[in-house]
Structures are given as C-alpha cells and as structure tokens.
Amino acid sequence: MPLRRVALATLATVLFALLGFTAVVLSRRPSNDRRWSPDQRELATARFTGDSVYIRNVRNIHYRTTHDYDVRYEDRAYDLRAIESVWFVVEPFSGMKGPAHTFVTFGFDDGRYVGISVEIRKEVGESFSPWRGATRGYELTYVVGDERDLIGLRANFRHDSVYLYRTTATPAKARQLFVSMLERADKLAAEPEFYNTLTSTCTTNIVRHVNEISPKRVPFSFRTLLPAYADELAYSVGLLDTTVAFETLRARAKINARAAAYADSAGFSRLIRGRA
C-alpha cells in the first residue's frame, strides 16, 4: 500500500477513535446515586429562614490516619448576621509546583468557624486524576465541614503545607459569599454536576462566587489553574492584607505547627490563628 494511503488510513483510525471516545464521554450523565466513599457519602443541604440557615450534613470526621477515621455528619444552625470574616485556605500539594487545593472558611462572632470545600465526589476506591477530571470522571461536591476536619486532615494527616489567610471581605460581603456557596451546595444535592479539571475546580468555583458578588474582581489568570499561586492572585487584587509584603504575609499564614500543637484542643480554630 502506498505510504500516503497508509498515512490516511492511520489518520482515519485515530479520528474515528477520538470521535468514539468523545461520544462515550459526552454520553455520561452526573448522578448522586453511586457507591460513595464514606467521607463524601452525604451531601450538605441548606434551609434559609430569615437571617438564619440550617445546614444538614456538616462534616466533622475524627481522623486517626487518612484511611482510618470515624465519619460524623452534624446538623447545625447559623445566624447569618453573626458572620464577621472570610478566610482563604491554600494547600499546595507536596512535591509539586502549581497543583493545590483551595477552600474558604467563615468566622462568626461567637467564635465558631465552618468551611466550604469544593471537591471531586469520590466513589469507593477512587483517587484524583486530572485526566479523569477532564473527561466527566467525577461529580462535583461542596463539602461543608468543621475546621478541625477540613484543615486538620490536610495539615496533620496529609502533612501538606497549609496557609490560612484572613481576607479583606466585609461582613456583608462575607454573608453574601456564604449564602451563594450554600445555595450552590443545595442545588448540587438536587441537580448533580460534573467536576472539570479546567473549568469547574476548587479555585474556579470560588472565583465564580467572588465575581458574582464583586463583578470582575478576580481576573482570569494562570494562577487560578495553578492554585498553589492563588494566594498571590488574591493578594494582587486586594483580597488579602496588602499592608505587609506578600512573603511576610505568607510566612505568617502557615499554620502547620499550630495545627499539630492544638490538634486535640477545644479551641483549635482560635489557636491555629495565633489567638490566646
């Protein structure tokens, strides 16, 4: 067979395979009915009544290791008028430059904190793969959780560096962000969506919520796609304290030592912030 015909036949085979793969991917439909990993078995839902919100399935896992833990979900009520702060958490993945997990946590004037972490919803035995994340391999979930769970898991059991930044959000903006994220969590419980490695990740979803509240506040940036640099982006647009140099702020924000020292303390959230 002439070389040109061989090349054309090979190209046709590749294109046919790609079309077949694309058809398979596009045929997948998101579902909330799968054999979920215990730490992501329950979905958070929110019911708003006036200035209060009642959240079902706030996760508060007690860990012994990353694979050995007691699953606990709690129902909690919060006064939206009591929100006073938003904190931005960055967890760069060990041994890699660029990949990271980010999430936000909200502080209340009674000393309570609750985090919201946008993640893949894992089935039993699954772990994260960027390729699977780009090909409808995971559903998207908003984990609403206690800080001892969401921060403690990452700092004390995964042993990743964890940076905790207080944002410059006003209480009014903090309330808007909290409500927006809880509404999205509630919607996902009824209408599942796929995670996407490029367009619907932990960081891109946070940016989307922020820009709903303050349009165009966070511009498109490679630092959204490489969220280990997301704190630099937040600093550059004034979402973090700019009265000190970024390097100084970042050094102060690392909470691993405090998270380890106060892992079992009732005042975990207060103490990791360096408050007596």
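The largest pocket is lined by 40 residues, and Phe93, Ile120, Ser127, Phe128 and Arg158 lie nearest its centre. A pocket is an open set of points on a 1 Å grid over the protein atoms alone, with protein on both sides within 12 Å along at least five of seven lines, and lining residues have an atom within 4 Å of a point. This is a predicted model, in which local features need pLDDT of at least 70 and side-chain atom pairs count only at pLDDT 80 or more, while totals for chains, interfaces and linings use all residues. Residues are numbered from 1 along each chain as its sequence is written, and side-chain values use heavy atoms, with hydrogens and water left out.

**Pocket**
- The volume of the largest pocket is about 1100 Å³, a volume being the space filled by probe spheres set on grid points that are joined across faces, edges and corners.
- Strand 7 (100–108), strand 8 (113–121), helix 3 (147–157), helix 5 (202–213) and helix 6 each supply at least two residues of its lining.
- Helices (H or I, at least four residues) and strands (E, at least two) are DSSP runs numbered from the N terminus.

**Cavities**
- Two cavities of 30 Å³ or more are found in the whole structure; a cavity is a set of grid points where a 1.4 Å probe fits but cannot get out.
- The largest cavity has a volume of about 60 Å³.
- Strand 2 (52–59) and strand 9 (139–145) are the elements that give two or more residues to the lining of the largest cavity, and strand 9 gives the largest share, four residues.
- Residues lining the largest cavity include Asp39, Arg59, Tyr73 and Tyr142.

**Aromatic rings**
- There are eleven aromatic pairs in the structure, where rings of Phe, Tyr and Trp (its six-membered ring) pair if their centres lie within 6.5 Å.
- One aromatic cluster is formed by Tyr78, Phe106, Phe108 and Phe178.
- Arginine 273 lies over the face of tryptophan 87, at 4.2 Å from the ring centre, and its charged end also sits over the ring of tyrosine 113, 3.8 Å from the centre.
- A charge sits over a ring if NZ of Lys or CZ of Arg is within 6 Å of the ring centre and within 35 degrees of the ring normal.

Note on methods: Rings of Phe, Tyr and Trp (its six-membered ring) pair if their centres lie within 6.5 Å; planes under 30 degrees apart count as stacked, over 60 as edge-to-face and the rest as tilted.
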